[in-house]
Amino acid sequence: MTNGSVPCHIAVIMDGNGRWAKKRFLPRKAGHSAGSEVFRRIACYCRDIGVQYLTVYAFSTENWKRPQDEIDEIFSLLDKYLDEVQATMLNDNVAVRFLGNLSHFPSGMQRKIDNVHKLSDGYPSGVCQVNICVNYGGRDEIVRAAESILKNPPEILDENSFAQRLDTKGIPCPDLLIRPGGDFRISNFLLWQIAYTEFYFTKILWPDFSEKELAKAIAEYNKRKRRFGGV
Ligand code: IPE
Ligand code: IPE
Ligand code: MG
């Protein structure tokens with residue numbers, strides 16, 4: 001367990017699956033499969049320690065550049081997770097939401113996502129919510145928000161009313177963002193929402209990430225002094 005306060009919202013760029021597989025002379029898809037298991041474990045850990053929101057980056061708007069068989073594997077893992085989540089959600093005590101541009105997904109997958117969202121709507125507030133970002137890009141999200149505003153302008157356009165049109169509507173901004181995999185960049189994740197987020201980068205590849213590593217990130221977060229522009 002962790003000492004100090006637990007961040008309300010943790011965001012994770014789940015990176016390093018391909019390199020993890022390569023190191024083991026395995027196909028990249030083996031890395032995605034191992035990464036998806038780690039995601040399940042970390043989500044349970046977050047729920048158990050009292051994190052209210054966990055937002056993970058699973059597939060970016062730029063990841064369509066990858067070979068089709070890799071894309072197919074990622075979506076098949078996602079589909080498997082959707083089935084599992086519908087069957088076990090009520091026992092797991094975690095609400096699940098999908099963020100990103102979901103409008104062009106196959107209708108079967110959209111139905112499953114809608115069903116998971118309906119089940120999540122039934123949860124009392126305060127339960128841990130896991131947000132999975134698929135076909136998500138921070139820029140795309142901002143453009144879609146701007147489109148929605150053009151179609152149906154709010155009475156007053158300010159930061160609050162703009163944020164109401166983002167996929168993260170109603171979700172507080174992340175307190176801590178973790179990027180495993182060894183790269184020091186954001187790769188188009190939550191561009192609007194990370195204005196005052198604390199960053200934690202680690203070389204550990206996502207499939208090697210653990211509860212212990214998350215506790216380490218939280219301990220580091222607790223050493224930070226957040227000023228939000230003040231003194
Ligand atoms: C992250 O792992 C998963 C996705 C982007 C879908 P990568 O597949 O990017 O793994 P590396 O960065 O190539 O090791
Ligand atoms: C970010 O990882 C996207 C996800 C983890 C889903 P990438 O592997 O796509 O990022 P880059 O290409 O190294 O910036
Ligand atoms: Mg990567």
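This is a predicted model: local features need pLDDT of at least 70, side-chain atom pairs count only at pLDDT 80 or more; totals for chains, interfaces and linings use all residues.
For the counts that follow, Ala, Val, Leu, Ile, Met, Phe, Trp, Tyr, Cys and Pro are taken as nonpolar, Asp, Glu, Lys and Arg as charged, and the others, Gly among them, as polar.

For R185 the distance is 2.7 Å, for N63 it is 2.9 Å, and for D15 it is 3.2 Å. On its own, ligand 2 would expose 390 Å², and the protein covers up 78% of that.

As for where ligand 2 sits, the spot is the largest pocket. This pocket holds about 720 Å³ of space. Its lining runs to 31 residues, and M14, N17, Y57, A58 and N63 are the closest to the centre. Two or more lining residues come from each of α1 (17-23), α2 (28-49), β2 (53-60) and α3 (68-92). Helix α2 gives the largest share, 6 residues. By class, the lining splits into 13 nonpolar, 9 polar and 9 charged residues.

Then there is the second largest pocket, at about 320 Å³. It is lined by 18 residues, with A163, C173, W192, Q193 and A195 closest to its centre. Here the lining is made up of 9 nonpolar, 5 polar and 4 charged residues.

Key. Residues are numbered from 1 along each chain as its sequence is written. Chains are lettered from A and ligands numbered from 1 in the order in which they are written. Side-chain values use heavy atoms; hydrogens and water are left out. On a 1 Å grid over the protein atoms alone, a cavity is a set of points where a 1.4 Å probe fits but cannot get out, and a pocket is an open set with protein on both sides within 12 Å along at least five of seven lines; lining residues have an atom within 4 Å of a point. Grid points are joined across faces, edges and corners, and a volume is the space filled by probe spheres set on the points. Helices (H or I, at least four residues) and strands (E, at least two) are DSSP runs, numbered from the N terminus. A polar contact is a pair of N or O atoms within 3.5 Å; within protein, one must be able to donate a hydrogen and the other to accept it, and residues adjacent in sequence count only if both atoms are side-chain atoms. Accessible areas come from the Shrake-Rupley method with a 1.4 Å probe; for residues, only the protein chains shown count as cover. A molecule sits in a cavity or pocket if more than half of its atoms lie within 2 Å of its grid points.
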